[in-house]
Amino acid sequence: MMWFYVMSFGIMVIWAYAGWDAGVRLFSGKTVRRGTGSGQRIHLSFDDGPDPRYTPILLDILRQKQVPASFFIVGRRAEEAPDLIKAIREAGHEIGWHTYFHKHAYLLSPWRSIETMRRGKAELERIWGEPLRWFRPPWGASNVFQGWAAKRLRLQVVLWTANARDWSFSTGKAGIIRRLQSRVKPNTIIVLHDAGGDPGAPGHMLEALPEAIDILRASGYEFVSLREITGG
Ligand SMILES: [Zn+2]
């Protein structure tokens with residue numbers, strides 16, 4: 001019988017620490033995974049940047065295509081390239097917090113979960129110039145301490161509706177376009193990556209993006225900001 005209690009206790013501890021839903025439900029209220037409202041509105045978000053090799057090209061594409069986007073920023077990368085954060089702001093996009101080190105939440109101690117979030121976010125806000133509103137945990141996974149910190153820091157948790165496996169080099173330009181075509185529906189929040197993943201992978205995303213934007217627009221979709229698609 002003893003093994004049963006030990007196992008049950010172990011499962012409860014793992015659930016309480018690692019269960020993203022537990023953290024968010026207890027502390028942060030709802031998680032945004034898609035937009036609200038009628039019409040064929042969709043949103044483009046980019047994770048893991050900024051990256052001096054890719055983010056400037058991405059900003060050019062978004063300017064040419066007149067698409068508003070959101071960038072979920074890795075604090076460590078922002079400190080290395082604060083000018084890119086300012087360029088994102090000047091282009092009229094939004095940003096959110098994507099943690100300081102981009103470590104998986106289950107591998108972070110409680111103290112580091114809270115402390116890197118509090119200090120790192122404050123530093124990014126100093127560069128950005130105003131309080132952040134959004135938080136996207138890496139891989140969509142968090143622990144209860146991050147959930148609690150998100151609530152304390154007044155961050156809304158935003159995940160995504162559709163991804164394009166663009167972090168994998170093998171997906172390629174055609175694969176990214178095909179995946180977006182088949183997965184995008186009204187109110188979809190798309191996640192792509194302007195940094196990280198396989199070496200060179202963001203290059204494929206940048207090759208695919210202009211064509212993907214044109215194809216989705218031709219299907220009647222309208223690109224709106226994160227603020228608009230979430231109804232706030
Ligand atoms: Zn990420």
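Which residues touch the most other members of the largest nonpolar core? In this predicted model, the answer is Ile 73, Leu 180, Ile 190 and Ala 212, within a core of 54 residues. Helix α9 (residues 201-218) supplies the largest share of this core, with 8 residues. As a general point, nonpolar side chains tend to be buried together in soluble globular proteins.

The chain contains 10 helices and 9 strands. Its radius of gyration is 18 Å, close to the 17 Å that the globule rule gives for 232 residues, so the chain is as compact as a globular protein of that length. The C-alpha trace spans about 65 × 40 × 35 Å along its principal axes. Of the 232 residues, 41% are buried.

Strands β3 (69-73) and β4 (residues 94-97) pair in the parallel sense over 4 bridges. Beyond its neighbours within four places in sequence, Ile 73 is in contact with Gly 49, Pro 50, Ala 78, Ile 85, Ile 95, Trp 97, His 98 and Leu 124.

Strand β4 itself is covered on both faces, with Glu 94 and Gly 96 buried on one side and Ile 95 and Trp 97 buried on the other. Gly 96 counts as buried because 22 C-beta neighbours lie inside 10 Å. Outside the four places on either side of it in sequence, Gly 96 is in contact with Ser 70, Phe 72, Leu 132, Trp 134, Phe 135, Arg 136 and Val 158. Ser 45 is 51 residues from Gly 96 along the chain, and the C-alpha atoms of the two are separated by 9.7 Å.

Two helices show how burial can be arranged around an axis. In helix α3 (residues 55-65), the buried residues are Thr 55, Leu 58, Leu 59 and Leu 62. Seen down the helix axis, these residues fall within an arc of 100 degrees, so they line one face of α3. The elements covering them include β2 (41-47), β3, α5 (82-90) and α9. Just after α3, Gln 66 takes a positive phi of about 55 degrees.

Helix α6 (residues 110-128) has 19 residues and reaches 27 Å from its first C-alpha to its last, close to the 27 Å expected at 1.5 Å a residue. Its buried residues are Ser 113, Met 117, Gly 120, Lys 121 and Leu 124. They cover an arc of only 110 degrees around the axis, which puts them on the same side of α6. Packed against these buried residues are β3, α4 (75-80), β4 and α7 (144-152). Trp 111, Arg 118, Arg 119 and Arg 126 are exposed on the other side of α6. Gly 129, with a positive phi near 105 degrees, follows the helix.

A contrasting glycine is found at position 37, in the loop between β1 (31-32) and β2. Gly 37 is exposed, with 12 other C-beta atoms within 10 Å. Not counting residues up to four places away in sequence, Gly 37 touches Asn 187 and Gly 231. Gly 231 is 194 residues from Gly 37 in sequence, yet the two are 7.3 Å apart in space, C-alpha to C-alpha.

Key:
Residues are numbered from 1 along each chain as its sequence is written. This is a predicted model: local features need pLDDT of at least 70, side-chain atom pairs count only at pLDDT 80 or more; totals for chains, interfaces and linings use all residues. A nonpolar core is a set of buried Ala, Val, Leu, Ile, Met, Phe, Trp, Tyr and Cys residues joined through C-beta atoms within 7 Å. A residue is buried if 20 or more other C-beta atoms lie within 10 Å of its own, exposed if 12 or fewer, and partly exposed in between; C-beta atoms are placed from the backbone. Two residues are in contact if their C-beta atoms, placed from the backbone, lie within 7 Å. The arc is that of the directions from the helix axis to the C-beta atoms. The radius of gyration is taken over C-alpha atoms; the globule rule is 2.2 Å times the number of residues to the power 0.38. Two strands pair if DSSP finds at least two bridges between them. The expected span of a helix is 1.5 Å times one less than its number of residues.
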